[in-house]
Amino acid sequence: METNGLNNSVQEEQFNTERIEDTSVTTPEETRMQESSVEEESNAEPSIDFSDEEVSLAASASEYDLGEENEDIDSPSDNIAENIAFTEQLSGKNKAELVALFAEMLETQPVQNLRKNAEAIKVAFYKMHRAEIEANRKAFIEAGGNPEEFKSEPDGEEHKLKELFGIYRTKRNAFLKKIEDEKEKNYAEKLKIIEELKELVNSNETMNQTFNTFRELQTRWKESGAVPKSHIKDLWETYHLHVENFYNFIKINKELRDLDLKKNYEAKLALCEEAEALLLEPSVINAFHKLQKLHEQWREIGPVANEYKEQLWDRFKEASSKINKKHQEHFDNIKEEQKRNLELKTQLCEKTEELADAKRTTRKEWAASSLELIEIQKVWKTIGFAPKKENTKIYERFRAACDKFFENKKEFYLAVKTEMENNLQAKIALCVQAEAIQDSEEWKKATNELIALQKQWKEIGAVPRKQSDLVWKRFRAACDHFFNRKSQYYAGLDSKYDENLQKKRELINEINEFKAENISQGFEALKEFQRRWTEIGFVPMKEKDALYAEYRKAIDSQFAVLHGNDKERKMERFKEKISSMKSGSDKKIKSERDRLYNKIKQLEADITLWENNIGFFAKSKNAQAMIDDVNSKIAKAKEEITTLIEKINIIDAEDQN
């Protein structure tokens, strides 16, 4: 969806009316400065070490995002000792050495092997980085500096590390792209093998020659590798269907068939034994991943004699179920422990928030509350991690409560100096903030910030008379400088918007005239149209909605055509499946028809139930949302019934031929 460009500019221009007017009317304000003994007490903060959690937050920045784990690239290491040894190796290195080590690893090691070590380097780096910042902050305060004025210097090594992680992500994404491309090639090769397999039953070669060709096709199938997950189910069903057809075709050569079935039996028996052996694997994680590989091998192996088929599968499935159960229990235990940790940390947050919100009027009360908060922080350090999606949130909540407590404490001690001096310092601070953004080109953000600063200015009130005019002119000059630059910027946008309008109209015409050669090419083309639309940019506000409606209509029309073609392709594949069944037993066709018919009856029963339920929903709260949801289910069920009826008609037509 296009952003509201011109509308934003109009709204932002209205902010110019918020420019503050010079006025002598002021109000009383709070004070900040204090006696030296009070200042020392107000600056005292707990000495609890939160470096580990601070490191975790710093290391989770977007610059270091490695993406979701991928089964093709991020398989877990079996050598736990190696991982521990690598982490210990890092403990003796400084930041520059860690960066150099990561750069060397990027040059010399495959990107698919770097994830765990990259994470370890990142954490080790930020432990040192945060320790240096805290040491510099402490030295700054000890030298008489104001804690609020401390700023850490830019770290060149941190910048290098972020650049290296950018290179890592680029290489990793390229590797993943290569894997996906190879899967698409493998998919095309397997489709070709299926076509050759279908032709074997029509071969004019001798039976031995035909069987040898079949063996070659099986070998090519195994060697062709993995395919995209979206194609696996249909691909394997089609392949095994034609394998079964071939075995039915060569039943006359029982010796060759029995030999192949025996070979498959032995291979699947070995897989059963390997799966059962995994029950003794110490690492449930490694056992689970190895099991997935065994399942892939199971699918690669052809059929076995009917009398062994169910027996072998039950044995393999039983071992798989036990391994999967152990895997699930492992993570369930971790989740339960993390839930308990979250509950404990939530309780500590609530206690801290109560302390932060409590009203105190004496220094004695603040000292007692500070000691209580230190004890809470000590308890926090003894509790483990919360669930991943909540861990950062609960820590930030706790830190925010602690910060709020000490901010309130600081404000209490700041209330000892005169109001006029405090107001002057506050207005000087607003001048600094306004000057910091007066050259910004983030127009909306900077405008909002300046308006907020102007509101604060009005609320602060009087300053010493001899400083009043000077500080006012300084603040107004920064505001006027920004708004004058902003007015000049938006004055030059209209011509650009008209040019964008023409480009988008041309793109809509191109979409309407587009004819896809095939479904895959069609979807890729629509993605490219959408990308180009987004890149063009803003258009005049009065044209925006109508233009976007035309664009959405053109895109939706193309998607409707592609989805229709996809349905036709699925029906053709179903016809092919039914035709192939005719060469075998008629029972399979009848069984398929009965299955479809029973599915229709079940859907009709569901529709009746849903329609009856709509009457009850009207009596409950949020009734319309539930009714809309049920109507959506009914519509989908009716659409599925139509498809099932079409399939039954195909079966009946084939049966009459």
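In helix α16, Trp443, Ala446, Thr447, Leu450, Ile451, Leu453, Gln454 and Trp457 meet a set of residues in α17, namely Val471, Trp472, Phe475, Cys479, Phe482, Phe483, Arg485, Lys486, Tyr489 and Tyr490; contact here means heavy atoms within 4.5 Å. By class, this contact has 14 nonpolar, two polar and two charged residues. Ala, Val, Leu, Ile, Met, Phe, Trp, Tyr, Cys and Pro count as nonpolar, Asp, Glu, Lys and Arg as charged, and the others, Gly among them, as polar.

Before I continue, please note that this is a predicted model, in which local features need pLDDT of at least 70 and side-chain atom pairs count only at pLDDT 80 or more, while totals for chains, interfaces and linings use all residues. Residues are numbered from 1 along each chain as its sequence is written, and side-chain values use heavy atoms, with hydrogens and water left out.

How do α16 and α17 pack? Helix α16 covers residues 443–460 and helix α17 residues 465–491; their angle is about 155 degrees, with the axes 11 Å apart. The axes are lines fitted to C-alpha atoms, for helices over the stretch in contact, and angles run from 0 to 180 degrees between N-to-C directions. The two helices are therefore roughly antiparallel, a term for angles over 145 degrees. The crossing of α16 past α17 is left-handed, that is, the near helix is turned anticlockwise from the far one by less than a right angle.

Ser320 leads us to glutamate 276: the two are 44 residues apart in sequence, yet 8.1 Å apart in space, C-alpha to C-alpha. Glutamate 276 lies in helix α10 (residues 254–277) and touches Arg315 and Ala319, not counting residues up to four places away in sequence. Is glutamate 276 buried or partly exposed? At 29% relative accessibility, it counts as partly exposed; buried means under 20% relative accessible area, exposed over 50%, and partly exposed in between, with a 1.4 Å probe and protein chains only.

Lysine 351, in helix α12 (residues 306–357), is also partly exposed, at 47%. Between lysine 351 and leucine 373, the C-alpha distance is 8.8 Å, at a separation of 22 residues in sequence.

I turn now to the aromatic residues. The structure holds 21 aromatic pairs, where rings of Phe, Tyr and Trp (its six-membered ring) pair if their centres lie within 6.5 Å. In one of them, tryptophan 533 and tyrosine 551 have ring centres 3.9 Å apart and planes at 10 degrees, so the pair is stacked, the class for planes under 30 degrees apart. Tryptophan 533 belongs to helix α19 (residues 519–536) and tyrosine 551 to helix α20 (residues 541–582), 18 residues apart. Both residues are buried. Separately, Phe102, Phe165 and Tyr168 form one aromatic cluster.

Finally, the chain as a whole. It has 22 helices and zero strands, taken as DSSP runs numbered from the N terminus (helices H or I, at least four residues; strands E, at least two). Of its 657 residues, 35% are buried. Among contacts between residues at least 6 apart in sequence, 82% join residues at least 24 apart.

Note on methods. Angles under 35 degrees count as roughly parallel, over 145 as roughly antiparallel, 65 to 115 as roughly perpendicular and the rest as oblique. Rings of Phe, Tyr and Trp (its six-membered ring) pair if their centres lie within 6.5 Å; planes under 30 degrees apart count as stacked, over 60 as edge-to-face and the rest as tilted.
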